[in-house]
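Please look over the sequence and the structure that follow, and then read the briefing below, which is grouped by topic.

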Amino acid sequence: MGTPTTPISRNADDGLLRGFWYPAIRNSEIHGDEMRQTTMLGVPLVVGRTAAGNPFAMRDACPHRGIPLSDGNFDGKLVECCYHGWKFEPVSGQCREIPSLMPDSRLNPEKIYAKAFPAEENDGYLWVYIPDPEAPGVPAPLAPRLPVFSERYKITQLAADLPCHVDHGIIGLMDPAHGPFVHQAWWWRTRRSIREKEKTFEPIPNGFRIIPHAPSANSAPYKLLGVYGKPITTQIDFVLPNMRFEQIHCGDYWFSSRTTVTPVTASHCRIDFCAAWNIFAHVPFLLSIFRFFGSRFIDQDTQTMIKQARGLKHNPPLMLIDDADRPAKWYFALKAAYQESRRTGEPMKHPIAGPTTLHWRS
Ligand code: FES
Ligand SMILES: [Fe+2]
């Protein structure tokens, strides 16, 4: 099905999707009245939390003369620009004071706004909604949440910066064929463990799902959860713009993770991995052990993408092959369908018609 090779090419646009929430910063990095500076989709942002506990995100540029607002002061209520002292309410961006105005001035500061973005705190991140300039009236939906399945659980987050366009980060994330080469380890798998895989995918809103199945016998969760002696199922979802969810269930025990790849600029992105679980609650140091192996795993991907970025610098022709790269082809098709629906205002036409079984070796 399809052509044997598909070049990864982008139009004149930067290939970044607007109209979605992205994790901007770990919320543990925001203390008290501190403002933090970050960049998402090439937009410089100043983020923080008001004394009332409301997160905020504004374009990090004063609407007066453009100096970064993050260079100013924040008292928990208003952000004061360091240049001429204009003050802004940071959740709405509304200007509250212009010190240079005479009492009889006809300029009403409250009609002036710094650009503010919807912001929410979830799962240990401050999420920021980047609206689509093509669809300005569309309200922000709820920010994403990691699915959890019991009241008590552990949660942890890991991150890595990648020197590549978000597309390469994302297709790396859903690439089933690199495991035996990039993630070789005695506790995980080796090249010799390559075997045939068959998985059935189905369309879901804005993405696709690998329908629940028993994890392959050569994978780590299978080996770990085998000790509970109950059937194990795993389900993997990809959802636009950038999220891979994985759920593993074994009786009442569960493990749930979400990996997002967030565009910082058109040439840089950041992987954020967030995982929660109630398995092995009695094992001491599990959190540290998990973080140790998890960060090694992410580091293997990062080192690979640093090498790939060296190769991509000179814009070589690329290909996507069936069936191992079909999820990557679907990602590009989903992106195109989303952008098309934004352009036309019509509902998005899902590019995957129905359940599809793919075969590959990994
Ligand atoms: S540049 Fe910010 S108040 Fe003038
Ligand atoms: Fe990987």
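Which residues of the largest nonpolar core touch the most other members? In this predicted model, they are A24, V47, A57, W127 and V128, out of the 63 residues that make up that core.

- The core draws at least three residues from domain 1 (20-130) and at least three from domain 2 (154-361).
- If residues up to four places away in sequence are not counted, A24 touches T38, M40, L45, V47, A57, L126, W127 and V128.
- As general background, nonpolar side chains tend to be buried together in soluble globular proteins.

**The sheet of eight strands**

- Eight strands form an open sheet with antiparallel pairing, and their order is β12-β18-β17-β16-β15-β14-β13-β19.
- At the edges of this sheet are β12 (154-162) and β19 (356-361), each of which pairs on one side only, while the twist from one strand to the next averages 20°.
- Within the sheet, β16 (residues 243-250) and β17 (residues 253-265) pair in the antiparallel sense over eight bridges, and Q247 stands opposite S256 in β17.
- Helix α1, made of residues 166-173, lies across β12, β16, β17 and β18, and runs at about 160° to β17.

**The sheet of four strands**

- Another open sheet has four strands in the order β5-β6-β7-β8, again with antiparallel pairing.
- Because β5 (73-74) and β8 (95-97) stand at the edges with a single partner strand each, one side of each is left without a neighbour in the sheet.
- Strand β7 (residues 87-88) pairs with β8 over two bridges in the antiparallel sense, and K87 stands opposite E97 in β8.

Note on methods. Residues are numbered from 1 along each chain as its sequence is written. Chains are lettered from A and ligands numbered from 1 in the order in which they are written. This is a predicted model: local features need pLDDT of at least 70, side-chain atom pairs count only at pLDDT 80 or more; totals for chains, interfaces and linings use all residues. Two strands pair if DSSP finds at least two bridges between them. A nonpolar core is a set of buried Ala, Val, Leu, Ile, Met, Phe, Trp, Tyr and Cys residues joined through C-beta atoms within 7 Å. A residue is buried if 20 or more other C-beta atoms lie within 10 Å of its own, exposed if 12 or fewer, and partly exposed in between; C-beta atoms are placed from the backbone. Domain bounds come from an automatic or database domain assignment. Two residues are in contact if their C-beta atoms, placed from the backbone, lie within 7 Å. Axes are lines fitted to C-alpha atoms, for helices over the stretch in contact, and angles run from 0 to 180 degrees between N-to-C directions.
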